[in-house]
Structures are given as C-alpha cells and as structure tokens.
Amino acid sequence: MTARSSLRNYVWQACTAIRNEHRDVKKYVEITAVLLFMKFCDDLGDTLPEDVRELIPERYRWGTLKALSPKGFGDGSEEVLARLDEFFSQACQPRDEHPSTVGIFEGFSLGLKHPEVLGQAMSAIDRIDFAGEDYDQAGDLHEFLISRMADAGVKGEFYTPRLIVDMVMQVMQPRAGARVWDPACGTAGFLARAFDVIRSDILDRYPAGNAQEQALARLRQDSLYGNETDPVSARLARMNMLLRGDGHTNILELNTLDRRTYESETYESKGKVRQNPLKRILGQTGPKFDVIVANPPYGGQQAVVSASEFFGPWFSTKKPESGFLQVMMNSLAEGGRCGVVLPEGVLFRREEQSIRERLLRDFELEAVVGLYRGAFEFAGVQTCVVFFRRPRATERWVGTDRVWFFNAVDQTDLETLHQHYQTEERLGRWVSTQTIHKQGLNLRPTTYLAMPDEVHSQGEEVTLGDLFEPVEDITLLEDGRLYTQLTVQYHGRGAVIRERQLGSEIGTKRQITVTAGDLVVSRIDARHGAMAIVPESLDGAIVTKDFPVFRLKNAKIKPELIPFLLRFGPLAERFTELAQGSTRRQRVTVQDILSQRLPFLSQGAQEELLPRLQAQLDIHDRAIALSAAAGSSRWLDDSYFSLGDKEAVASSLAPFVSEVTDYVEPAAEPDKIWQVYSISNTAGIYLGEHRLGRDFKPGRKYKRVVGGRIAYAVDRVNVGTVGVMPEAPPDSIISPYRTVFQCDTTTLSPDWVYFLMKAPFFQRRIREAQVGAVRNELRFRSLTQIPVQVPSLSHQQRLVEELQQVEAEAKLPAEIASRAERLLKNIVSTLFDSN
C-alpha cells in the first residue's frame, strides 16, 4: 500500500497541471475529481456494483485510453482528449437507466484545450493503484481534493474540516437502521463519515450472512440523504459517496429552504422529472429522520423558506442559518438527534430568541460546543456546534432542565471531545435552564465557562474606581537630574522604558512619578489595550498627564489578578467606544477609566483561578521568547538560494512576472458581501473581514484576490510583508495600495518567489531598491530588476517543498503562544460575560 502522503501528492500534481488552463479552483478540483473517479472505476472493475461499472463504456475506460499511445498519457495524446470530450458530451445528458448514479457526469465537460495539460494530470493519477488500496483510502484522496477547494461563497458555504466532521460524528454515533439527512450536504463530508460509522456498526453487530447483507443493502439504498443546490458540489458529493462504497446514495439537488421541496412528489433536475423521497420521509405522518447533521450556509443572501403548516411551528427569519435550524428541528423523528454547525450569533441574537426558547422547551438541548477562531478558514465569524434531541411522545416531556457547555480552544480539544462529552472534565460545564433564562436565553459557551462555580451565584461587579484612586501628585523636573520616562505597550503587554534623559532635555516639566503596583493607562492608546501595572524595575519613573496614574486603595481583587483582567479582558474594546476627539488623537477621560466594571470573585475563587492563568501565561511567554529567537525569517538561510554549479534560467524576475491592475469598485454593488483580505509579515495574506458594498467609500477601487498572484506592501516588503493569494471566491478583494503581480507558472513558482522575497539577502537588496524620502517604497519595476539567479521550475518546486516544512517548524512556537493567548482570553472574557 502506497504512503498516504505520496497518494495525495499525485492528486495535487494533477490539480497543479490543470490549473495551467483553469484558474478557477472549483473547476480544476471538479476535473481532477472526475479523472480520479474514472481511475478508481477502472482499477476496481468487477468488484463494483453493476450500475457503477456501466457508467463508463469500454471505449472510454482508463486502461483503454492509456493504450492509445505507446507512452501512455505522457505525450499528451490529442486522441485521448478527443475521446474524453466525446464521452462527456454523451454522458452529460440526463439519464434514467440507473437512478442511483444519476448526476455523476450529467452537465460535466472538461473544457481543456491543450492535450499536454490533460496528459500531465492523467499521468499523475495513473501512479495510483486503487486495486491495492481500500475504500477508506480512496475516500481519503477525494476528501483531500475537496479540502483544497475550501469554497467560501457569498451564501456562507464553507468546506467542513475533517476534524469537525469527526467530532460531530463521534458524538452522534449513528447506528444500523438509522436514516441520516444533511440538508446542506455540500460535498458530503458528513454523509461519507456517517456511512463509515454505520457500516462499522453493521459489521460489528451482525455476523456474516443474510442479516448483515440486508443491513448493508439498506445502508446503501435508504439510509443517507443530502440536499445540495450547487451542481458541482452535488457531483462531488455523489462521487465521494461512491468512492466510500455507497452506490445508491440520495444526493438531491433541492433547496432545503423552499417549501415546495417537501410538498411535491417529484422535482425537476437537469431537464428530467425525478421522484422526490423527501415527500415520503417528511410527510406529516412520515417517519422523518433519526439523525440530522449539517454545516448550513449562513450570513449570506440566500432566500429563506416562508412559514408553512407543513413545517409545524415556525418563526419568521431572514437569516438562512435560522431557517435551516428550524427545518432540522421539524424534521427529526421522535428520539432523533441533530448536530449542527452554526454561527455564534444564533445563540444570542434577539431575533432568534423565540427559536432558542422552543429549542429548550420542546427539545432536549444536549450541548453547545464553541469552536476556536480559524476553525473555518474563510468564515470570519465565531462558530459553534449545537447538539439536540427530539423527545419521544411517551416521555411526557416538560423541557430541557440543563445544558452542557464547552469551548474548544484548539484542535486537541475537538479530537478528544467525545471522550469527555457531557462531563465536567477539561472545563466542560452543566448549566441549569433556569440560569439560561436569567441570561436572556443566551446560549454562548463563553457566558458560562472557565470560571469557578462561585462566580455563577455571585454575579457581582466592582469598578476600577472601587479599587484604585487617581494619583495627582505632580513632580517639577530638575534640569540636572536623570529621569526614566515610562511608556505603555499595546495589547496589555506591560510598561517599558521609553528613554532616560536629563530634566533639561525634557520639554514637559510637570510630570507624575509612579510607584510599583500603580495602574498606568494611556488616554490616547487605551483603545489599543495600552494599560499596565508598574513593575518594581520602573518604580520612580515619570509619565505625562496623557498617562493617568492610579494607586490601589483596597484588595477586593488580588493585585496579581489585575494584569490578567487588563490584558486579556474586553476593556480595550470598551475604551474604543468611549474615546473622543479627532481620529488620530482620540482620548478617554479619567472618569471613563474609573467607571470600568470588573468581575468580582471571592478570595477563594481568585486563589483557584490565578495558578491556571499564570501557568498559561508562562507557556505563552516561553513560546514568544522562542519565536523571537527564531526571528521572522532567520530560518530562511541564504544558502537555499545558491545554485552552486547549476545553471540559472534568468538573472532576474523580469522575464516571468507582470503587474496586475484588476480593479473593482465594491460600493457599486451595495448589497453584495465582499471578502476583504489583508497582509502582514507574519500571516501573509489572510481574510480580514466581510463587508457589504454600501459600507465602502463610493469611487474607491480595490484589487481582486485571485489564487496564485503575489501581493506585497510597498513600504513594508523589506520586512517580509508579502504573500501568495489563496484560492478565493470572485468577490474577494485587497487594498488598492498593495502591489499585485502574477508569475508565468510554466517557468516560475509563486511559492518560490514568496520565499525569495522573505529571504534576508533579497530583503537587503529590496532596501537598496526602495525609494522615497519618508516612506521607502518598492516599485514593481524596481523589484523585477533586482539581480537574482532563477533556477529551473523543478528545482524551485523541490526547494518550496523543503522550505514549507522548515517554515512550519519555525512557526510552531508562535502557534503555541497563540493557543495559550486564546485560552487566556476565553477565561478572562468569560469572567466579564458572566457578570
């Protein structure tokens, strides 16, 4: 059996080849998936169900196509391309012969013009021998391919990471005989995993024989259902299920949020009238679904189903996620369970309060699991997973009495969640429905988690004014005396020395002298978290009146706890709302500072909490120190770019790059949701926010984000502010002040250029090429003229693979620090939320 990494590499090589013609990620993933499926069918041959075998006639099968040329696919045969075009032109027509395989090739075309591109892709896939692999491996390759798409459209559709799918299915554990539905199935990630889980249960429960065969037949024919409106995703879903071993799955191209989906015996798809099984399953007297799992679209423009008697109780909503949730609630069979991914807003927004009330009253709300930021690459919002069950009529149900809350701060928490589900281990917590009602039916995990039990019952607060009093003693500076001037860092990172000067060199003669333990706040930068407790090393330092000083007057809160509340709590956000003045000189007042409320904990609760906070802070600070020692690009040694005796193909980037000025005006489409990307020297190019077109300045143009292009900040590129644009939806944009260029990918790898521009030796050359009196800027023409030896493409690709591994290892300390910081913020923010 071939190593998984090698198999995935072959698949990605095929994708890379097709990208030379199709830059749209959805299209090249679709083409690669179809070719992968054809190879799978050819390798497994007679072992597949009859209807799957007959999908591809002998004339078009993989082995037949390969035999058309002595060199196989290596020479990019025009006959192979012509024959495949012929096959897909026939297979794309609607078909009735095998309803179970409808939609695999319908509506599909290669759209390739160059035989050599097809040859490269098929040569890569040809190295995979599915006869030597199992269904799980075939499904894994398909899932890996789908994950590369990570399609995030304006309707809020996101690829669900395998980690989250596994977590949900480990909690749900569907059993033999269960009927499972995903009303927003995408590429069938949840359904494929459900198939694996149920099949394992059947094999464990039934000995080989008729009972087992009947159970497996039901699994393939009448157990798994999915709705998906996007035809490409639906095709990928069907292939995903077939690769898993399910040849009779019901992937329906139906809109879950359209009541006609459930009221008609038939539906039309690709010009043919199909039978609609949902009418039978979800009829008023029908059995409904035993298990529902989904990651529905949210935050977009999708129309929501209107109220209908068919759905039972219904609350009007304009949010698609709320519509999906209600459809799922009304589609559960008695005793059925649901696990659904939702944006956190559903848990606390006023417009969904009636839905939450019904969820607690008419269902057993088992658990709410908060997901860490970044769990979905393109989402840009906090997400959660909600688990609930429909009671049986015989239970005499009176409502949920308590709910289990958990907040996952990283992948490890998700991997192990099923082991401590509904326990109080690892910060899980039971909360009574009575407490939830007191909180206005707020179901956010952070409202209830990560604090000692006493906090729930107390709900007390103190203000900074209860703890501190202003220091108003003014010191008149002496000319011949040396003074230490203090300043406060952003984001609660402490007080540091600004500089040491003689009194005669300091313009402001009336300043405040601080004492160790004092609280110092920057009036201007409080909104950036510039607050600090003065350390012993800065006792006696001085500050101006723009840094109000406050002295502790009582010990209701331990002094050691206060820095955590300042650094990791929400005070900076509050100060942002309070700041007054011009944009660059907004200030908060002393009264604003003293009126800020802090959570009050008993002395015992504080003593319990402090060691946990300090332990996480120690981990954070050690990781930060390691990250700083590694440096942002010190791991990127200049020797990587020395060719030695190898011949360079060029002495600069000029022959292979061209600047791109692809502009769009977001304000011209006021109702469209735009994904706005940013760039930094640590994260590269990343999704910063979602904004409606009406929120942009009219006339302001932005540059489009297109996968494979490179962008850099003209005045920060000398410190590594550069990145390769990810594959992104068409409504993705970046600042017009970023320089964007593209590479001739037949000769130059964008990833190699990225590493080159991060390398110390090249950054030194960038600094030499920058121009400008105040802002040193690197113009694109200057970049192309910087001397550098450009190696062959194959050499670049080998180097990129090595450097990506080195980069990942170098970033590990920063990732550890980030995890510790997230946990600290979750704990401290929870203290504020609970009061």
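Predicted model: local features only at pLDDT ≥ 70, side-chain atom pairs only at ≥ 80, totals over all residues.
Student: How are two packed helices described?

Tutor: Two packed helices are described by the angle between their axes and the distance between the axes. Now take helix 9, residues 189-205, and helix 10, residues 210-222. Their axes come within 10 Å and cross at roughly 170°.

Student: Are helix 9 and helix 10 roughly parallel or roughly antiparallel to each other?

Tutor: Angles over 145 degrees count as roughly antiparallel. Helix 9 and helix 10 are therefore roughly antiparallel.

Student: Which residues meet in this pair?

Tutor: Helix 9 brings Phe 195, Ile 198, Arg 199, Ile 202 and Leu 203. They meet Gln 212, Ala 215, Leu 216, Leu 219 and Arg 220 of helix 10. By class, seven residues of this contact are nonpolar, one is polar and two are charged.

Student: Now for empty space. How is it found?

Tutor: Rolling a probe the size of a water molecule over the atoms shows where empty space is left. In this model, the count is three cavities of 30 Å³ or more.

Student: What volume does the second largest cavity have?

Tutor: About 60 Å³.

Student: Which residues line the second largest cavity?

Tutor: Among them are Leu 325, Leu 342, Val 346, Ile 355, Arg 356, Leu 359, Val 368 and Leu 443. The lining divides into 10 nonpolar residues, no polar ones and one charged.

Student: Which element gives the largest share of that lining?

Tutor: Helix 15, with three residues. Helix 15 spans 353-362, and strand 8 spans 364-370. Each supplies at least two residues of the lining.

How values were computed
Residues numbered from 1 in each chain as written. Heavy atoms only, no water. Axes fitted to C-alpha atoms, helices over the stretch in contact; angles between N-to-C directions. Helix = DSSP H or I, 4+ residues; strand = E, 2+ residues; numbered from the N terminus. Parallel < 35°, antiparallel > 145°, perpendicular 65-115°, else oblique. Contact = heavy atoms within 4.5 Å. Nonpolar A, V, L, I, M, F, W, Y, C, P; charged D, E, K, R; others polar. 1 Å grid on protein atoms, 1.4 Å probe; cavity = no way out; pocket = protein on both sides within 12 Å on 5 of 7 lines; lining within 4 Å. Points joined across faces, edges and corners; volume = space filled by probe spheres on them.
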